[in-house]
Amino acid sequence: MSDETTNGAIAPAEANTPAFTVEKIYVKDVSFEVPGAPAIYSENVQPELQLNLNQRVQRLNENAFEVVLGVTLTCKAGDKIAYVAEVQQAGVFGLVGLEPQAVDGLLGTQCPNILFPYIRQLLSDLIQAGGFPPFFLQPINFDGLYAETLRQRAAQGDGELANTEPAGNA
C-alpha cells in the first residue's frame, strides 16, 4: 500500500481525516525604497523605526487557503525617510477534516508562524543590501495576537465561528 505525497507530506487516506499541510511558500510582493539616497547615508541621527504587520486569508477552494503575512518597515532619520521596506510573504495551506474553530485557529496562529522566518530573513537581506546596518525583526507572538482578535470578536458579537468563513487574522 502506498500513500500519495504532497510536497513531502503524506496525504490522508480519507478526505475526512484531519490534516494540515503546507502546499507552497512564496514571496507575493516585495519593495525597498531609499528616497533620499545617497545623502541619507551621511545623516548622523538616531533612526526611528515604525513597523506595520498585517495578515490576509483567502479561501482558494474547499480545503485550501492562501495566507499572506505583510510587513511594512519605515525607517526615519530625523524628518527624512531613510528607507521603506515592504514584504508580503505568502503560503498555500491545506486544511482537511477540521472544525471551523480549528481552521480559524490554524490560519491565525500556525500559518503566520510558518511564514514569519521567511519574512524576517527577506527583510534583513533587503535592508542590508540597501546599505543599512542589519535589522533583526524580533519574534512575534501570533498566539497572543489571535487571542486578542478572538476577544475583540466576542466583544463585537462575532465570537461564534461555527457559521462564519474562517478569517484567521492574528
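## The surroundings of Tyr83

Analyst: Apart from neighbours within four places in sequence, Tyr83 makes contact with Phe32, Glu33, Val34, Pro35, Leu49, Leu73, Thr74, Cys75, Ile127 and Phe132. These contacts come from a predicted model. The average pLDDT of the protein is 87, and 83% of its residues score at least 70.

Start with the rings. Tyr83 belongs to a cluster in which ring pairs link it with Phe32, Tyr41 and Phe132. Over the whole structure, the search finds five aromatic pairs. In one of them, Tyr41 and Phe132 have ring centres 5.2 Å apart and planes at 40 degrees, so this pair is classed as tilted. Tyr41 sits in the loop between β3 (19–33) and β4 (47–61), while Phe132 sits in the loop between α1 (100–129) and α2 (142–156), so the pair ties together parts 91 residues apart in sequence. The two partners fall into separate accessibility classes: Tyr41, at 40% relative accessibility, counts as partly exposed, whereas Phe132, at 13%, counts as buried.

A further pair involves Phe116 and Phe142, whose ring centres lie 5.9 Å apart with planes at 70 degrees, so the arrangement is edge-to-face. This pair also links distant parts of the chain, with Phe116 in helix α1 and Phe142 in helix α2, 26 residues apart. Both Phe116 and Phe142 are buried.

Next, the core. Tyr83 is among the residues that touch the most other members of the largest nonpolar core, together with Leu107, Phe116 and Ile119; this core holds 28 residues. The elements that contribute two or more residues to this core are β5, β6 and α1. Helix α1 supplies the largest share, nine residues. As general background, nonpolar side chains in soluble globular proteins tend to be buried together. Across the protein, buried residues make up 34% of the 170 residues.

The protein has two helices and six strands, and from the N terminus the elements run β-β-β-β-β-β-α-α. Four of the strands form an open sheet in the order β3-β6-β5-β4, with antiparallel pairing. Its edge strands are β3 and β4, each of which pairs on one side only. From one strand to the next, the twist averages 15 degrees.

Strand β5 (residues 64–77) runs antiparallel to strand β6 (residues 80–96), and 14 bridges join the two. Thr74, which is one of the residues in contact with Tyr83, has Val84 in β6 as its bridge partner. Helix α1 packs on this sheet and touches β3, β4, β5 and β6; the direction of α1 makes about 140 degrees with that of β6.

Asp104 lies in helix α1 and, with a relative accessibility of 1%, counts as buried. The C-alpha atom of Asp104 is separated by 9.5 Å from that of Tyr146, although the two residues are 42 residues apart along the chain.

Of the contacts in the protein with a separation of 6 or more, 68% are between residues 24 or more positions apart.

One caution concerns the start of the chain. Over residues 1–5 the pLDDT stays under 50, and the model has four contacts beyond four places in sequence for that stretch. Where pLDDT is low, the predicted coordinates should not be read in detail.

To return to the request: Tyr83 takes part in an aromatic cluster with Phe32, Tyr41 and Phe132, and is also one of the residues that touch the most other members of the largest nonpolar core.

Technical notes
Residues are numbered from 1 along each chain as its sequence is written. This is a predicted model: local features need pLDDT of at least 70, side-chain atom pairs count only at pLDDT 80 or more; totals for chains, interfaces and linings use all residues. Side-chain values use heavy atoms; hydrogens and water are left out. Rings of Phe, Tyr and Trp (its six-membered ring) pair if their centres lie within 6.5 Å; planes under 30 degrees apart count as stacked, over 60 as edge-to-face and the rest as tilted. Buried means under 20% relative accessible area, exposed over 50%, partly exposed in between (1.4 Å probe, protein chains only). Two strands pair if DSSP finds at least two bridges between them. Axes are lines fitted to C-alpha atoms, for helices over the stretch in contact, and angles run from 0 to 180 degrees between N-to-C directions. Contact means heavy atoms within 4.5 Å. A nonpolar core is a set of buried Ala, Val, Leu, Ile, Met, Phe, Trp, Tyr and Cys residues joined through side-chain atoms within 4.5 Å. pLDDT is the predictor's confidence in each residue, from 0 to 100.
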